[in-house]
Amino acid sequence: MSDQNKKQDENNQPNEENLVFDDERDLLMDHEYDGIQELDNNMPPWWLYGFYFTIVLSVGYLLYYEVLGWGPSQEEEYEIEMALAAERYGNLAEDAIFDFSLTQILTDAESIERGREVFNASTNLCATCHGAQGQGLVGPNLTDNYWKHGCDLESLIISIKDGFPNRGMPAYGSTVRIGNEDLVKLASYIISIRGSDPPNPKAPNMSRAVECFETIPGENLSE
Ligand code: HEC
């Protein structure tokens, strides 16, 4: 301690004693650290009530989660969240890679029906923009033979997966997620309604769309 500090300490000594009021003498505890003394005051009421509240809460918590087992455990909560995520986003690890060389247009009724379901699902909104029959509304007609972004399976899947955020169509490979299996079925369904000629078709934007020369499976078998 420097000389100057010592002097200050000595000067402060009498003052510190004066800071203890007469009615506080009983409360004064008999320890002292660096000239700091402590009073044995009661806890403030707000603090005490908060403390009692946590005791009551802990009993309720113990009963609810541990004794009666009404609340889910950590493991159960984890399982529930994972199941919800799998339902919403599909299996992410499996969907990360899309092997187009192994992907084929599906033509079986079950897959087409599933594709139709995904197209009309209220969570995906395809029908809101492209029309319930794919005839086109805000989004282009998906049943005619004119396409802006390609009409083959791979192009369709990429169109859906990446969307056209600048033009208002969300990417279905990101926040609103359609799993790989469903993507193939959805794209196959879109191929299956090509040429279906629904009422009120939206005219193609001929400044951007080009004619499609892809063959639709099953269509030219009889030719
Ligand atoms: C909010 C409106 C909106 C929603 C929802 C939407 N689309 Fe689109 N979609 C569009 C618009 C607009 C375009 C045209 C983009 C452009 O002009 O380049 C488009 C383009 C497309 C194309 C490419 C068409 C072409 O000519 O190449 C496909 C395929 C398609 N949408 C399928 C889907 C499917 C499947 C869904 C549901 C999973 C869907 N869309 C949901 C608005 C939407």
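Guide: Ala, Val, Leu, Ile, Met, Phe, Trp, Tyr, Cys and Pro count as nonpolar, Asp, Glu, Lys and Arg as charged, and the others, Gly among them, as polar. The model discussed here is a predicted one.

Visitor: By class, what makes up the shell around the ligand?

Guide: The shell has 16 nonpolar, seven polar and two charged residues. In total, 25 residues surround the ligand. The closest are Cys126, Cys129, Gly139, His149 and Met169.

Visitor: Why is Ser159 called buried?

Guide: A residue is buried if 20 or more other C-beta atoms lie within 10 Å of its own. Ser159 has 21 C-beta neighbours inside 10 Å, so it counts as buried. Ser159 is found in helix α7. His149 is ten residues from Ser159 in sequence, and the two are 6.9 Å apart in space, C-alpha to C-alpha.

Visitor: Why does Asn200 fall in the exposed class?

Guide: The count for Asn200 is 10 other C-beta atoms within 10 Å, and that is why it is exposed. The loop that holds Asn200 is the one between α8 and β4 (210-211).

Visitor: What makes the phi of these two residues worth a remark?

Guide: Most residues other than glycine have a negative phi. Asp34 is not a glycine, and its phi is positive, near 50°. Asn200 is not a glycine either, and has a positive phi of about 50°.

Visitor: Which residues of the largest nonpolar core touch the most other members?

Guide: The core has 20 residues, and those with the most contacts to other members are Leu156, Ile157, Ile160, Leu183, Leu186, Ala187 and Ile190. Helices α5 (109-120), α7 (153-162) and α8 (180-192) each supply at least two residues of this core. Helix α8 gives the most, with seven residues.

Visitor: With which residues is Ile157 in contact, leaving aside its neighbours within four places in sequence?

Guide: Ile157 is in contact with Leu183, Val184 and Ala187. These pairs qualify because the cut-off for a contact is 7 Å between C-beta atoms.

Visitor: How do you know that α2 is hardly covered?

Guide: Helix α2 has 23 residues, and the count of buried residues among them is zero.

Visitor: How many helices and strands does the protein have?

Guide: The protein has eight helices and four strands. From the N terminus on, they run α-β-β-α-α-α-α-α-β-α-α-β.

Visitor: How many of the contacts in the protein with a separation of 6 or more join residues 24 or more positions apart?

Guide: Such residues account for 65% of those contacts. As for burial, 16% of the 223 residues in the protein are buried.

Methods. Residues numbered from 1 in each chain as written. Predicted model: local features only at pLDDT ≥ 70, side-chain atom pairs only at ≥ 80, totals over all residues. Core = buried A, V, L, I, M, F, W, Y, C linked by C-beta atoms within 7 Å. Buried ≥ 20, exposed ≤ 12 C-beta atoms within 10 Å, placed from the backbone. Contact = placed C-beta atoms within 7 Å. Near = placed C-beta within 6 Å.
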